[in-house]
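Hello,

Here is the structure I promised to pass on to you.

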Protein chains: 2
Amino acid sequence: MDDDAVFKALADGSRRLLLDRLFRNNGQRLSDLCAGLDMSRQAVAKHLGILEEANLVAVQWAGREKLHFINPVPINQISERWIGKFELPRMRVLSDLKASLEKKPRK
Amino acid sequence: MDDDAVFKALADGSRRLLLDRLFRNNGQRLSDLCAGLDMSRQAVAKHLGILEEANLVAVQWAGREKLHFINPVPINQISERWIGKFELPRMRVLSDLKASLEKKPRK
DNA sequence: TTGACATGCAACCAAATAGTTGCATATAAG
DNA sequence: CTTATATGCAACTATTTGGTTGCATGTCAA
């Protein structure tokens with residue numbers, strides 16, 4: 001329900017990239033996710049922590065390895081609750097805009 | 001196509017609130033949008049500028065009044081291109097997670 | 001046990017962000 | 001014309017954020 005944490009987590013490109021990677025290959029370790037990322041392990045760990053905090057990533061320990069799994073639920077919630085709000089009446093809004101623009105002379 | 005600007009714009013609660021307001025009542029002036037917002041007019045103007053930059057808000061001048069209109073297109077693009085990516089294979093990912101968790105003993 | 005690997009924690013730093021205030025400009029109204 | 005309204009621009013500030021480094025802890029393997 002904390003959509004603020006989700007939106008903030010999604011605001012960073014590195015974090016979106018991490019989600020992309022987990023999407024392609026779920027259940028990776030921290031050190032796997034670091035590979036080729038031009039930033040330190042600790043930076044990646046922080047990003048993953050933020051994603052975890054936003055409940056976008058779930059974690060499972062296996063011995064000394066921390067496995068990361070993507071959790072699509074919060075994204076679906078945003079899509080359904082907030083984005084859907086703008087999707088559904090899309091045509092109405094666009095036609096309102098068109099009408100408003102036509103109400104005024106072009107110049 | 002600049003999804004980074006859109007995500008960053010959506011990351012702030014005040015800006016999401018402004019979009020909510022425009023959704024309920026499209027084509028408002030800057031000073032309308034300031035009402036009751038516990039922040040200065042200039043702060044609101046900055047937020048609207050960021051939304052405009054991200055193409056989430058379109059603007060039409062009417063004399064000395066600047067009217068703001070919500071633009072749902074970028075949100076739809078995100079929803080379709082990026083969020084849809086996680087929505088579609090939702091079941092597969094969740095069952096992967098379930099399988100992975102069951103692979104390890106609970107404790 | 002010893003050493004290598006995987007991760008966590010904390011302090012620190014630079015850049016970006018959200019907000020402020022003050023002043024300028026343009027339009028509408030009296 | 002004068003005044004009030006609607007907005008813009010710019011400088012400044014505090015907080016947040018994304019990143020670093022150094023060191024500590026825990027687990028696997030030889």
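This is a predicted model: local features need pLDDT of at least 70, side-chain atom pairs count only at pLDDT 80 or more; totals for chains, interfaces and linings use all residues.

Chain A averages a pLDDT of 84, and 79% of the residues score at least 70. Confidence in chain A is highest in helix 4, at a mean of 98, and lowest in helix 6 (residues 90-103), at 46. Over residues 93-107 of chain A the pLDDT stays under 50, and for that stretch the model has 13 contacts beyond four places in sequence. I would ask you to read that end of the chain with its scores in view.

**Chain A**

Chain A has six helices and three strands, and along the sequence they come in the pattern α-α-β-α-α-β-β-α-α. Of its 107 residues, 24% count as buried. If you take the contacts in chain A between residues at least 6 apart in sequence, 53% of them join residues at least 24 apart.

The three strands make an open sheet with the order 1-3-2 and antiparallel pairing. Strand 1 (28-29) and strand 2 (57-62) of chain A are at the edges with a single partner strand each, so one side of each has no neighbour in the sheet.

How many bridges join strand 1 of chain A to strand 3 of chain A? There are two, and these strands run antiparallel. Arg29(A) in this pairing stands opposite Leu67(A) of strand 3. Strand 2 and strand 3 of chain A are also antiparallel, and they pair over six bridges. The hairpin of strand 2 and strand 3 of chain A has two residues between the strands, and Gly63(A) takes a positive phi near 65° in it.

Helix 2 (residues 13-24) of chain A lies across strand 1, strand 2 and strand 3 of the chain, and runs at about 90° to strand 3.

**Chain B**

In chain B, too, there is an open sheet of three strands, with the order 1-3-2 and antiparallel pairing. Its strand 1 and strand 2 stand at the edges, and because each has a single partner strand, one side of each is left without a neighbour in the sheet. Helix 2 (residues 13-24) of chain B packs on this sheet and touches strand 1, strand 2 and strand 3, with its direction at about 90° to that of strand 3.

Strand 1 (residues 28-29) of chain B is joined to strand 3 of chain B by two bridges, in the antiparallel sense. Here Arg29(B) stands opposite Leu67(B). Strand 2 (residues 57-62) and strand 3 of chain B pair antiparallel over six bridges, and Ala58(B) stands opposite Phe69(B) of strand 3. In the hairpin of strand 2 and strand 3 of chain B, with two residues between the strands, Gly63(B) has a positive phi near 65°.

**The DNA strands**

Some of the residues above come back here. Which residues come nearest to DNA strand C? Of the 20 residues around DNA strand C, they are Arg29(A), Ser31(A), Ser40(B), Ala43(B) and Gly63(B). At least two residues of the surface near DNA strand C come from each of helix 3 (30-34), helix 4 and strand 3 (65-70) of chain A, and from helix 4 of chain B. Helix 4 of chain B gives the most, with four residues. By class, the surface near DNA strand C has nine charged, seven polar and four nonpolar residues.

Around DNA strand D there are 20 residues, and Ser40(A), Ala43(A), Gly63(A), Arg29(B) and Ser31(B) come nearest. The elements that give two or more residues to the surface near DNA strand D are helix 4 (41-53) of chain A and, from chain B, helix 3 (30-34), helix 4 (41-53) and strand 3 (65-70). The largest share, four residues, comes from helix 4 of chain A. The surface near DNA strand D divides into nine charged, seven polar and four nonpolar residues.

Happy viewing, and best wishes

Key: Residues are numbered from 1 along each chain as its sequence is written. Chains are lettered from A and ligands numbered from 1 in the order in which they are written. A residue is near a molecule or strand if its C-beta atom, placed from the backbone, lies within 6 Å of it. Ala, Val, Leu, Ile, Met, Phe, Trp, Tyr, Cys and Pro count as nonpolar, Asp, Glu, Lys and Arg as charged, and the others, Gly among them, as polar. A residue is buried if 20 or more other C-beta atoms lie within 10 Å of its own, exposed if 12 or fewer, and partly exposed in between; C-beta atoms are placed from the backbone. Two residues are in contact if their C-beta atoms, placed from the backbone, lie within 7 Å. Two strands pair if DSSP finds at least two bridges between them. pLDDT is the predictor's confidence in each residue, from 0 to 100. Axes are lines fitted to C-alpha atoms, for helices over the stretch in contact, and angles run from 0 to 180 degrees between N-to-C directions.
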